[in-house]
Number of protein chains: 2
Amino acid sequence: MATLLDGRKLSATIQEELTEEVKKLKVASGKTPHLAAILVGNDGASETYVASKVKRCEEVGIQSTLIRLEENITEQTLLYKIEELNANPAIDGFIVQLPLPTHISEQRVIEKIDYRKDVDGFHPINIGRMAKNLPAYIPATPFGILQMLERYKIPTSGKHCVVIGRSNIVGSPMSILMARNTSVGNCTVTLCHSRTQNLSDYTKKADIIIIALGKPAFLTADMVKEEAVVIDVGITRVPDSSKKSGYALKGDVKFEEVAEKASYITPVPGGVGLMTVTSLLYNTLLAAKKEIYK
Amino acid sequence: MATLLDGRKLSATIQEELTEEVKKLKVASGKTPHLAAILVGNDGASETYVASKVKRCEEVGIQSTLIRLEENITEQTLLYKIEELNANPAIDGFIVQLPLPTHISEQRVIEKIDYRKDVDGFHPINIGRMAKNLPAYIPATPFGILQMLERYKIPTSGKHCVVIGRSNIVGSPMSILMARNTSVGNCTVTLCHSRTQNLSDYTKKADIIIIALGKPAFLTADMVKEEAVVIDVGITRVPDSSKKSGYALKGDVKFEEVAEKASYITPVPGGVGLMTVTSLLYNTLLAAKKEIYK
């Protein structure tokens, strides 16, 4: 039976460390890290995510500012708002909660953010510097997974890591990170996606599987090698009448059967998801300390 | 016996097309594309590369300016020179020939180049945009390989591509490009490198192998599947008393035996190398036409 990679416990531990670090920074320099978040419109899921980010900031002593903009604002207005935040020395880092209304170009918005304040790590400069193994803000979910592998001391050098899904925010950066010449890295990495043929030929040979598809219970035990490390990034709402909410959250891994074979596995919920906000707080602290960029 | 992927013939064909395009641009807008190259010091190999770039520019009607700087110039002087070229509207694109003397930071130099004039595609913004499948200057060698696969109509979608070597200028961008959702792309990509264990387990299963190691005759027939496509980026000088120069150029592939098994193979010399300068000219034309960035 696999050991659980416990995102709840680990994010609590890191959160304690962050709280300490924030305190130290205040004592040393009088400075309180400050994260701003822009939320456009009232999408339910986005409201939940942003609220959780604000709350977690408070818990570690990071100051946060939530900027709400109407659903129907123009792209130009949003870009001006970003320029203001870029220019405001009181803001160490900021994020624009995605997705945006369809009349606004997410790419133009992301590229307008000063990369030195881009704590989501979505700006091309941060992606490019990450690919070149230079200091950069690493996107929150991949960063959370690296932290997990590091803290649980899971060996990666020379291992075969199979990443399933090539999204810009998880799969693609994850595949780049795991292949880099760094302490958590040095894997032989295979990136699989919708066009991959005979997916299980790859997964059956993998020492580490990172799956980010959004297809509940997609990865079954017969696709996994004994003692593999399985990281489940998927999180999908599935109708469940036994729950008060009417739904349950399901990962991409058929947990019960894969857990029998794996050496380590992340639960859903309680796994990778919780690490994501922690990583954002971590990046905000790095921004306040100017550790990535002067 | 494999079909040769003939870089000499293909680069000549593309060069003819570029010559036509340059003429058309002149007629339509009165504009001649203009590439500048900065060469610091007098390294023999760099002199050869830059001379070949200048010559090839002339052949297609692209204007070129070679800027020579002394080996012992300060980094600051080089950075000022770059700022001048950034600001000069007569220059469409420029390159700084690498390697630089050790007292100069290559990374600071690369990041100083205006990404809109970065026709080598080494600036983090171009790498990051490439990874996100946005319009970007693609580094010359990977771009040349894509052109080769496209022009020879080699199917890539759903194929397993194994890239060997994770350098910033070849292996790493190549692995990103082959996995993208584009017409030459959509491969399942495995990136192998110095830490990879049992390399031949991967290469034996590959439909497409791209090797960029700099180890002469490293890839042998027993490591390759029947009908594989083999792209050899390596080019190493090996002593050879039968040659007037005293050396021969050798690729990373044991050509004679691998050619027996492969469906397509690049010779060395006469393969990928010749495509590289062609790609630089291509990027310069794109810059003059402002096709990537306005």
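This is a predicted model: local features need pLDDT of at least 70, side-chain atom pairs count only at pLDDT 80 or more; totals for chains, interfaces and linings use all residues.

Me: What makes the length of helix α6 of chain A agree with its 12 residues?

Reply: Helices here are DSSP runs of H or I with at least four residues, strands are runs of E with at least two, and both are numbered from the N terminus. The expected span of a helix is 1.5 Å times one less than its number of residues. For residues 140-151 of chain A that gives 16 Å, and the end C-alpha atoms are 16 Å apart, so the two agree.

Me: Why is α6(A) called mostly covered?

Reply: Count the buried residues (20 or more other C-beta atoms within 10 Å of the residue's own; exposed means 12 or fewer, partly exposed is in between, and C-beta atoms are placed from the backbone). In α6(A), 10 of the 12 residues pass, among them F143(A), I145(A) and L149(A). The cover includes α1, α7, β7, β8 and α10 of chain A.

Me: And what makes α6(B) largely enclosed?

Reply: Again it's the count: 10 of its 12 residues are buried, so the rest of the structure largely encloses α6(B). Those buried residues include P142(B), G144(B) and M148(B), and α1 and α10 of chain B are among the elements covering them. Just after α6(B), K153(B) has a positive phi of about 50°.

Me: How do you know whether R237(A) is buried, exposed or partly exposed?

Reply: It has 13 other C-beta atoms within 10 Å, so R237(A) falls in the partly exposed class. You'll find R237(A) in strand β9, residues 236-239 of chain A. Residues are in contact when their C-beta atoms, placed from the backbone, lie within 7 Å. Leaving aside neighbours within four places in sequence, R237(A) has contacts with Y247(A) and L249(A). From R237(A) to K153(A), 84 residues apart along the chain, the C-alpha separation is 31 Å.

Me: Zooming out, why is chain A called as compact as a globular protein of that length?

Reply: First the parts: chain A has 10 helices and 11 strands. The radius of gyration (over C-alpha atoms) is set against the globule rule, 2.2 Å times the number of residues to the power 0.38. Chain A comes out at 19 Å, close to the rule's 19 Å for 294 residues, so it is as compact as a globular protein of that length. The C-alpha trace spans about 55 × 40 × 35 Å along its principal axes, and 47% of the residues in chain A are buried. Of the contacts in chain A with a separation of 6 or more, 68% link residues 24 or more positions apart.

Me: How is chain A divided into domains?

Reply: The bounds come from an automatic or database domain assignment: domain 1 is 30-123 and domain 2 is 140-275. Their centres, taken over C-alpha atoms, are 28 Å apart.

Me: What makes β7 and β8 of chain B a strand pair?

Reply: Pairing needs at least two bridges found by DSSP. β7(B) and β8(B) have 4, in the parallel sense, so they count as a pair. Within that pair, I211(B) stands opposite D232(B). β8(B) also runs parallel to β11(B), with 2 bridges; there V229(B) has Y264(B) as its bridge partner. In β8(B), V229(B) and I231(B) point one way, V230(B) and D232(B) the other, and all are buried.

Me: Which residues does the contact between the chains take?

Reply: It takes 27 residues from chain B and 27 from chain A. On the chain B side, α5(B) gives the largest share, 7 residues. Also, β6 of chain A pairs with β6(B) in the antiparallel sense over 3 bridges, with V189(A) opposite L191(B).

Technical notes:
Residues are numbered from 1 along each chain as its sequence is written. Chains are lettered from A and ligands numbered from 1 in the order in which they are written. Two residues are in contact if their C-beta atoms, placed from the backbone, lie within 7 Å.
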